[in-house]
Amino acid sequence: MLMSSRAARRRRRPLEAAGRRLDRIARTVLPGHHPRRGVRGDEPLRVLLPRGLASLAKESGIGAAIRHQEAAVRALGHEVVTNPLRPFDVVHLNTPFPDTPLLAHWARLRRRPVLMWAHSTEEDFRDSFPGANRVAPLFRRWIAHLYRRGDLVVTPSEYSRGLISRPEYGLRAPVRVLSNGVDTTFFRPDPGARRRLREQLGLGPEARVAVSVGMQLVRKGILDWVEVARLLPEVTFVWYGRTDPRMLTRDVERALASAPPNAIFPGYVQAEQVREAYCGADVFCFLTKEETEGIVLWEALACEVPALVRAIPIYRDGMPDGVLTHQVAGDGPDFPGRAAEKLTALLDGELDDLRRAGREAAESVDIQQIARALGTLYEEVGAHPHRPAAGREG
């Protein structure tokens, strides 16, 4: 009898183990079953910001936005996780790359909420890389597919929310606006930068300098920027940022090759050098044709450099001409001449000084402010810590 009972216990163990595994799966994966074991509301969240293919975007605005999100997460006292195989409680997805839907599916299997950042639109994809305009409608369908994977869609401006809320995107999840923000403790005025920037560029102390920051794309306005530089040879124009030469369109290649001597292209530089450029320049000349926000503009305003921008809808409506920035409307062959005229007026002190207003506006979207708003988004999607019992993920 003793041997028989031991054999029976041995036969039941595999079934019992399988039952326990199925029970764990049911609690973690199946609809209507939420993880309960070890949940603690007073512990920090583990926020997944996966590296993956996102590393390809590190020199772009999306890369800057991811870095700002990491800073906001840490400002809330939460933990940043970069490996999706490690335990996490909520995930941020930012890029339009092929691993994004896989990561969203992985989070859904784990019953973890997905915050999908809508940085890109069909409009800001156009005039970017060779062939971009031809495939822009396909790109829109692709990013709409990605955005529909989110439990909450986050976009950086009311303007971009209007674009992605159109019927062709087919979004069902709520769409919330949250600026990418700016670190105003890092990007701040520095009077000594004027002298240092001119020494670095080999210029005299009274030289006039106009800077721009971004990838070298038609959409970023680089063609018009080069022509404005040609019209103002007495001003030094410096463009920080680069695009992989294999991704340059032919018109950008021609513009770079034929740029006048007063147009300088240092390439991609670190944030400290960009800050030095903002603080040392006489004007930030940002002639972009389309943006969902434009992090570099907030950085420039935080450094109290006068800004001249193209009057595209997001700036024309969100910060009207003469309030935070000076603006030049339109496009076409006469645009560089009108931009050069207004830039000269700004350099000559003939336009209103908006620097203090720009700094105050940048402070309203400081990372600390963004962190607080991010905390409310976590509450909205029900993100909460999952601390496993006995070393297991619940």
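**Salt bridges**

Start by selecting Asp334, which is partly exposed at a relative accessible area of 44%. Here buried means under 20% relative accessible area, exposed means over 50%, and partly exposed is in between, with a 1.4 Å probe and protein chains only. A salt bridge is a side-chain nitrogen of Lys or Arg within 4 Å of a carboxyl oxygen of Asp or Glu. Arg338 also counts as partly exposed, at 30% relative accessibility.

Before going on, note that this is a predicted model, in which local features need pLDDT of at least 70 and side-chain atom pairs count only at pLDDT 80 or more, while totals for chains, interfaces and linings use all residues. Residues are numbered from 1 along each chain as its sequence is written, and side-chain values use heavy atoms, with hydrogens and water left out.

Next, select Arg166 and Glu168, whose side chains form a salt bridge at 3.1 Å, N to O. Arg166 is partly exposed, with a relative accessible area of 25%, and Glu168 is partly exposed at 39%.

Now select Arg51 and Glu70, joined by a salt bridge of 2.8 Å, N to O. This pair links distant parts of the chain, 19 residues apart: Arg51 sits in the loop between β1 (46-48) and α2 (61-75), and Glu70 is in helix α2. Helices (H or I, at least four residues) and strands (E, at least two) are DSSP runs numbered from the N terminus. Which of the two categories, buried or partly exposed, applies to Glu70? Glu70 is buried, with a relative accessible area of 11%, whereas Arg51 is partly exposed at 44%.

The structure holds 30 salt bridges.

**Helix pairs**

Two packed helices are described by the angle between their axes and the distance between the axes. Axes are lines fitted to C-alpha atoms, for helices over the stretch in contact, and angles run from 0 to 180 degrees between N-to-C directions.

Return to α2 and show it with helix α15 (residues 367-380): their axes come within 8 Å and cross at roughly 75°. That makes α2 roughly perpendicular to α15. Angles under 35 degrees count as roughly parallel, over 145 as roughly antiparallel, 65 to 115 as roughly perpendicular and the rest as oblique. On the α2 side, select His68, Ala71, Ala72, Val73 and Ala75; they meet Ile367, Gln368, Ala371, Leu374 and Tyr378 of α15. Contact means heavy atoms within 4.5 Å. By class, this contact has 8 nonpolar, 2 polar and no charged residues. Ala, Val, Leu, Ile, Met, Phe, Trp, Tyr, Cys and Pro count as nonpolar, Asp, Glu, Lys and Arg as charged, and the others, Gly among them, as polar.

Move to helix α8 (residues 222-231) and helix α9 (residues 250-257), which pack at about 20° with axes 10 Å apart. The two are therefore roughly parallel to each other. The contact is made by Ile222, Leu223 and Val226 of α8 and Asp251, Val252, Ala255 and Leu256 of α9. It comprises 6 nonpolar, no polar and 1 charged residues.

**Buried positions**

Select helix α10 (residues 271-280), where Val274, Glu276, Ala277, Tyr278, Cys279 and Gly280 are buried. Their cover includes α7 (193-201), β7 (208-213), β8 (235-240), β10 (283-286) and α11 (295-302).

Then pick Asn180, in the loop between β6 (175-177) and α7. Asn180 is buried, at 8% relative accessible area. Not counting residues up to four places away in sequence, Asn180 touches Ala65, His68, His119, Pro156, Glu293, Ile295 and Ile367.

Finally, pick Thr121, in the loop between β4 (114-117) and α4 (122-125). Thr121 is buried at 0% relative accessibility. Leaving aside neighbours within four places in sequence, Thr121 is in contact with Phe139, Ile143, Leu163, Ile164, Tyr169 and Thr292.

**The whole chain**

Clear the selection and show everything: the secondary structure comes to 15 helices and 12 strands. Of the 394 residues, 50% count as buried.
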